[in-house]
Amino acid sequence: MHYIEIRDVDFEYEKGKSVFQNLSLNIDKNETIALMGPNGSGKTTLGKLMAGILKPTKGQVNVFSRDTRDIPLHEIGLRIGYLFQNPEKQFFANTVYDELGFVMKIKGYDEEYIKEKVEEKLEFFQLKGLVNHSPFLLSQGEKQRLAIAAVLMNEPEYLILDEPTTGLDKKRKDMLLNLLFMLKNQGIGMTIISHDRRFVERICSRFIYISRGEIQYDERA
Amino acid sequence: MTREHNLDPRTKLVIVLCLSTLGIAVNNLALLSAIALLSYVAASLFRANLKRTFRKIKSLIYMLLFIALVQSIFTRGEPLLSAGGFAILTVNGVERALQFILRMAIVIFSATIIGTSSSRSIIQGLVQWKLPYDIAFMAALGIRFLPMLREEIRDSLVAIQLRGIDIKNIPIKERISLYSYLFNPLLVGTLLKAERLSIAMEMRGFRAYDKRTSYLVLKFTKLDYLIMFFSIAITAVFLIISYM
């Protein structure tokens with residue numbers, strides 16, 4: 001059994017306009033995968049299918065041996081962290097501190113415990129000086145770091161990162177890479193959807209290239 | 001393209017104005033039914049996509065039916081259905097509920113008529129009716145941004161669930177605070193988008209001058225005048241019958 005199984009999947013946003021036809025792919029939990037391809041090739045769609053955000057038109061996507069059609073999204077969210085291409089899409093709170101802590105607050109966790117967890121992430125992601133800033137007004141690099149930190153508050157076992165290097169300079173990319181290595185060493189598997197070949201080559205062990213909705217190659221380093 | 005689609009959007013606005021005026025002013029059930037039927041026929045003639053509209057507003061229809069039911073229960077009058085001396089339904093109540101449902105049907109059918117013209121041509125119609133350009137432009141932008149707002153609400157709901165929150169099964173207090181969190185990105189996102197849009201527009205030389213030229217200029221045809229005349233005449237007849 002694989003962690004994520006994509007079996008003979010067809011997907012279309014509009015009737016008659018197919019994105020994928022008969023696509024099959026298996027992903028194991030400990031893998032660090034690069035999902036590459038040109039614009040419009042279906043990378044983000046595939047990532048969203050893997051996270052259960054989109055459901056296949058035909059075929060089956062199984063996540064931890066269950067069909068994504070039968071798993072509520074919040075259950076997937078507890079185990080798979082998904083970073084949107086635009087991190088702003090996943091911000092909800094008025095301050096960086098609240099952004100990291102509000103989910104635990106809604107779930108009724110103890111304030112002291114929330115504070116401890118939030119401060120741990122603030123330290124790790126170098127966001128300590130920004131606790132009272134609005135997430136929407138941070139720089140692109142800060143937004144990316146905050147979005148990843150927020151995703152990690154649930155302690156997921158797998159990450160799907162959609163274009164995590166967009167808008168980052170070399171220094172910020174290196175910082176992100178170090179962070180991803182740390183997560184990898186903690187046993188967190190990940191799929192990185194990216195155009196940035198040089199970035200993914202430094203961390204990934206499997207490279208999947210898709211074009212026009214088809215897998216062109218799937219190689220392990 | 002049907003002939004109906006080529007009508008000036010201002011003609012459609014007049015039809016809608018007439019139908020909605022009748023919907024509000026008329027109280028007689030038989031007349032209201034006739035107006036609702038007329039609105040349905042008009043919407044069908046304009047080839048409005050009624051099926052899609054009803055699919056979109058399904059939950060609103062349930063809410064309207066619920067309001068109608070509440071209205072029929074809480075209106076006093078001659079009892080129609082009673083239990084142990086307590087009137088559950090009254091003649092007045094049922095009549096009010098039916099009036100409410102018919103009025104809403106008229107509003108929905110006439111709104112679909114407007115939907116058969118593009119927002120651009122409707123705004124142009126309003127501008128040619130001397131509506132201040134600033135207001136017409138604001139309305140145009142509002143219409144343009146609505147689908148984006150809907151998409152953002154959908155994205156926010158997905159994103160918050162991916163953070164591990166079961167939005168259907170949380171206590172009411174937490175649910176209220178969750179809604180405030182869902183509202184936040186919409187508000188901030190809209191403000192930021194408006195700011196970026198205004199900067200982009202000004203960079204392209206846009207100013208809200210009173211005198212403007214437009215590539216799209218609407219012109220009434222004889223058919224437009226004829227339809228407007230009949231719409232107003234029918235409205236007057238209905239109003240006279242209703243208040244006689």
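Student: Is strand 9 (residues 206–211) of chain A mostly covered or mostly open?

Tutor: Start with the cut-offs: buried means under 20% relative accessible area, exposed over 50%, partly exposed in between (1.4 Å probe, protein chains only). Strands (E, at least two residues) and helices (H or I, at least four) are DSSP runs, numbered from the N terminus. Here strand 9 of chain A is mostly covered, with five of its six residues buried. This is a predicted model: local features need pLDDT of at least 70, side-chain atom pairs count only at pLDDT 80 or more, and totals for chains, interfaces and linings use all residues. Residues are numbered from 1 along each chain as its sequence is written, chains are lettered from A and ligands numbered from 1 in the order in which they are written, and side-chain values use heavy atoms, with hydrogens and water left out.

Student: In which sense does strand 9 of chain A pair with strand 3 of chain A?

Tutor: Two strands pair if DSSP finds at least two bridges between them. Strand 3 (residues 32–36) of chain A joins strand 9 of chain A in the parallel sense, over four bridges. One bridge partner set is A:Met36 with A:Tyr209.

Student: How many bridges link strand 9 of chain A to strand 10 of chain A?

Tutor: Six, in the antiparallel sense; strand 10 covers residues 214–220. A:Phe207 faces A:Glu219 of strand 10 of chain A. Two residues lie between the strands of this hairpin, where A:Arg212 takes a positive phi near 50 degrees.

Student: What does chain B contain?

Tutor: Nine helices and two strands. Their order from the N terminus is α-α-α-α-β-β-α-α-α-α-α.
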